[in-house]
Amino acid sequence: MSLNDSLAGLMAETVLPPLPLRAGGRVMAFDGTTLEAVGIDALVGGRALIGPARQAAEIIGFRDGRALLMGLSALTGITPGAAVLTDGIASDIPSGPALLGRVIDGLGRPMDGLGPIVASERRPLHGEALAPAERARVTEPLATGVRAIDGLLTLGRGQRVGIMAGTGVGKSVLLGQVARWATADVVVMALIGERGREITDFIETELAGAARARTVTIAVPAGDAPLLRVRGAEQAFAIAEGFRAAGKHVLLILDSLSRVVHGAREVALARGENAGGRGYPPSAMALIAALAERAGGDRRSGGAITAIVTVLAEGDDATGDPVVDAARGVMDGHILLSRKLAGRGQFPAIDLAASASRVMADVVDEAHLAAAARFRRLSALIEDNRDLVLMGAYAPGADPELDAALSLSPALEAYRGQPRAVRAEFAAARAALVELVQR
């Protein structure tokens, strides 16, 4: 056999892998936020690389035959006619046990200095809500380790809960306590829109020790692009869905839903969507329900996602904020943190009168439910008559129920308060509650 015949045989046996197909376009306009390009044939949500520096962007819509793109980081040095390369839609993210103990950004890239993440599993970013027939009922209590929640606002596995709060009322501390102590197999913590210093402090203080090993942390600092806030939240739910499909109970904590919606609002306005009530386009508000419906229990796998999301009440007004109202409507419960109680030094500063767990009656026994109702009534009596008592205008004996509440006031306040480093056992919290209201 000649040399040419040998080379021909080797070439015939050689299998070359198909090269990735990249469709290209050109930049036609850029206003600092949104980039317009022609020649793009890709789906909304597809990723693109802009210019010689290969700056990452995502297609957010189309207008007059042009693709609208928004940067996944600050776009700089954009020139007219710069090349735009697309390679389809990046709709899946790493998932599975390889992520435990790691800190990743809004695109799934490691940011903890521990090297690359080698994950054998991948999940669709956008996921799908469970069908009603596939969704399991909430019947098991979730012990959080926080006495005021376990005793008075008992949560259940698969529940969606909103924590409504202004700034500086102990929200981060409460989230840290729940993340460390809750009886869950996996914790997915999404820190969206927080300052970089706060993210570092939370990870190193609230998630220190054994809690870190079972936690996946998604961190999207305030300086990141608005689109990354949305992608960070969607990624957190996708990762949680992967563990739920494996039969795990996942506690997903999203801090904060408000900043995710604000990011979605900026994206919607950039693509020309009309602003709705209070400046929120319809797609931004629809995101709240879309994310909430991805939580819950799965009948097939036996796993569940319990979602706890925080909502920032602008100006401490939890009644007029559209994001707060929308979140309250789709959640299975809400916990309002009060600046007045925080000012008195009571932590967690939970306003019982304004808080509710809609599944508590399904996860606790009758004695526990009755004791919690009695506690809430006594606390409400004290709050409603606080000024009257402080002014000396109330005469003891005028109202036996109020007299009983006032006599128990120190014990009620002690039950609601809890030091930051002290964990409360669920059974002990229930027993103490029943004993307290029977005095």
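**View A. Three residues apart in helix α6 (residues 226-245), E234 and R231 are separated by about one helical turn.** Helices (H or I, at least four residues) and strands (E, at least two) are DSSP runs, counted off from the N terminus. What you're looking at is a predicted model, where local features need pLDDT of at least 70 and side-chain atom pairs count only at pLDDT 80 or more, while totals for chains, interfaces and linings use all residues. Residues are numbered from 1 along each chain as its sequence is written, and side-chain values use heavy atoms, with hydrogens and water left out. The side chains of E234 and R231 join in a salt bridge, 2.8 Å from N to O. (A salt bridge here means a side-chain nitrogen of Lys or Arg within 4 Å of a carboxyl oxygen of Asp or Glu.) Are these two partners buried or exposed? E234 is buried, at 9% relative accessible area, and R231 is buried too, at 11%. For the cut-offs, buried is under 20% relative accessible area, exposed is over 50%, and partly exposed is in between (1.4 Å probe, protein chains only).

**View B. R344 and E383 make a salt bridge, with their closest N and O atoms 3.2 Å apart.** Back around the pair in View A, salt bridges with shared partners join R47, E58, R231 and E234 into one network.

**View C. D92 meets R122 in another salt bridge, the closest N and O atoms being 3.2 Å apart.** Why does this pair tie together separate parts of the chain? D92 belongs to strand β7 (residues 92-95) and R122 to strand β9 (residues 121-124), so the bridge connects parts that are 30 residues apart in sequence. D92 is partly exposed, with a relative accessible area of 35%, and R122 is partly exposed at 48%. Across the whole structure, a search finds 27 salt bridges.

**View D. Q418 sits in the loop between α15 (409-416) and α16 (426-437).** Q418 is buried, with a relative accessible area of 7%. Which residues does Q418 touch, leaving aside its neighbours within four places in sequence? Its contacts are G145, V146, R147, Q177, W181, F347, P348, R423 and A424, where a contact means heavy atoms within 4.5 Å. The Q418 side chain also reaches the backbone oxygen of G145 at 2.9 Å. For a sense of scale, the C-alpha atoms of Q418 and L125 are 38 Å from each other, and the two residues are 293 residues apart along the chain.

**View E. Helices α15 and α16 pack at an angle of about 165°, and their axes are 11 Å apart.** The axes are lines fitted to C-alpha atoms, for helices over the stretch in contact, and angles run from 0 to 180 degrees between N-to-C directions. That makes α15 and α16 roughly antiparallel to each other; the labels are roughly parallel for angles under 35 degrees, roughly antiparallel over 145, roughly perpendicular from 65 to 115, and oblique for the rest. On the α15 side, A411, L412 and Y415 meet A429, A432, L433 and L436 in α16.

**View F. T215 is found in strand β15 (residues 215-220).** T215 is buried, with a relative accessible area of 0%. Leaving aside neighbours within four places in sequence, its contacts are L99, L100, G101, R102, V187, M189 and L207.

View G. Most residues other than glycine have a negative phi, and most peptide bonds are trans. S256 lies in the loop between β16 (249-255) and α7 (257-270). Another cis peptide bond joins F347 and P348, with omega about 0°, and P348 is in the loop between α10 and β20. R54 isn't a glycine, yet its phi is positive, about 55°. R54 is in the loop between β3 (46-50) and β4 (55-63), and is partly exposed at 45%. D64, also not a glycine, has a positive phi near 55°. D64 lies in the loop between β4 and β5 (66-71), and counts as exposed at 75% relative accessibility.

Key. Polar contact = N/O pair within 3.5 Å; in protein donor to acceptor, adjacent residues only side chain to side chain.
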